[in-house]
Amino acid sequence: MQFDEREVGDYRIFAGALEAPKGDGYIATMIVQRVHGVPGAPREALRDEGLAGGHRWESAHDALAYAISKAQEAIRKGSPLLTC
């Protein structure tokens, strides 16, 4: 299990690369929290524990890069998936 964390604007991204159950790669996961600009911050804005339908990446680095990329895209585009 490997993790990465970063802040983008008003949001904090937590990305994870979890070993697949049968050891056949890594599953990408992410949690996005809004940490500024809302009452009661931090507040969870988006969570996906099986990005890309649970696709397996060969390396943890690739899974983390995908999770960070998808989280940044949701933030940049103001995705309706962001709940706050």
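Trainee: What stands opposite F3 in β2?

Mentor: G16 does. The model is predicted, so local features need pLDDT of at least 70, side-chain atom pairs count only at pLDDT 80 or more, and totals for chains, interfaces and linings use all residues. Residues are numbered from 1 along each chain as its sequence is written, and side-chain values use heavy atoms, with hydrogens and water left out.

Trainee: Why are β1 and β2 called paired strands?

Mentor: A strand is a DSSP run of E with at least two residues, numbered from the N terminus. Two strands pair if DSSP finds at least two bridges between them. β1 and β2 (residues 11-19) are joined by seven bridges. So the pair meets the definition. The two strands run antiparallel.

Trainee: What makes β2 and β3 a pair?

Mentor: Nine bridges join β2 to β3, again in the antiparallel sense. The hairpin of β2 and β3 has six residues between the strands. There, G23 takes a positive phi near 75°.

Trainee: How many bridges link β3 and β4?

Mentor: Five, and the pairing is antiparallel. I31 has R47 in β4 as its bridge partner.

Trainee: Which strands are the edges of the sheet?

Mentor: The open sheet has four strands in the order β1-β2-β3-β4. β1 (2-8) and β4 (43-48) are the edge strands, since each pairs on one side only. From one strand to the next, the twist averages 15°. That angle is taken between axes fitted to C-alpha atoms, in their N-to-C directions, on a scale from 0 to 180 degrees.

Trainee: Why is β3 described as largely enclosed?

Mentor: Buried means under 20% relative accessible area, exposed over 50%, and partly exposed in between, with a 1.4 Å probe and protein chains only. Seven of the nine residues of β3 (residues 26-34) are buried, so the rest of the structure largely encloses this strand.

Trainee: What makes R34 a buried residue?

Mentor: R34 lies in β3. Its relative accessible area is 17%, so R34 is buried. Its side chain makes a polar contact with the side chain of D10, at 3.4 Å. A polar contact is a pair of N or O atoms within 3.5 Å; within protein, one must be able to donate a hydrogen and the other to accept it, and residues adjacent in sequence count only if both atoms are side-chain atoms. The R34 side chain also reaches the backbone oxygen of H36 at 3.0 Å.

Trainee: How do you know that T29 is buried?

Mentor: T29 has 10% relative accessibility, so it counts as buried. T29 is also in β3. Contact means heavy atoms within 4.5 Å. Leaving aside neighbours within four places in sequence, the contacts of T29 include F14, L18, D48 and A67.

Trainee: Why is R47 called partly exposed?

Mentor: Its relative accessibility is 42%, so R47 counts as partly exposed. R47 sits in strand β4. Its side chain makes polar contacts with the side chains of E44 (2.8 Å) and E49 (2.8 Å). Not counting residues up to four places away in sequence, R47 touches M30 and I31.

Trainee: What makes the length of α2 agree with a helix?

Mentor: A helix is a DSSP run of H or I with at least four residues. Its expected span is 1.5 Å times one less than its number of residues. For the 17 residues of α2 (residues 60-76), that should give 24 Å. The end C-alpha atoms are 24 Å apart, so the two agree.

Trainee: How do you know that the buried residues of α2 line one face?

Mentor: Those buried residues include L64, A67, I68 and A71. Seen down the axis, the buried residues of α2 fall within an arc of 130°, so they line one face. The arc is that of the directions from the helix axis to the C-beta atoms. H61 and R76, on the other side of α2, are exposed. The buried residues pack against β1, β2, β3, β4 and α1 (51-54).

Trainee: What is the phi of A52?

Mentor: Near 60°, a positive value in a residue other than glycine. Most residues other than glycine have a negative phi. A52 is in helix α1. With a relative accessible area of 43%, A52 is partly exposed.
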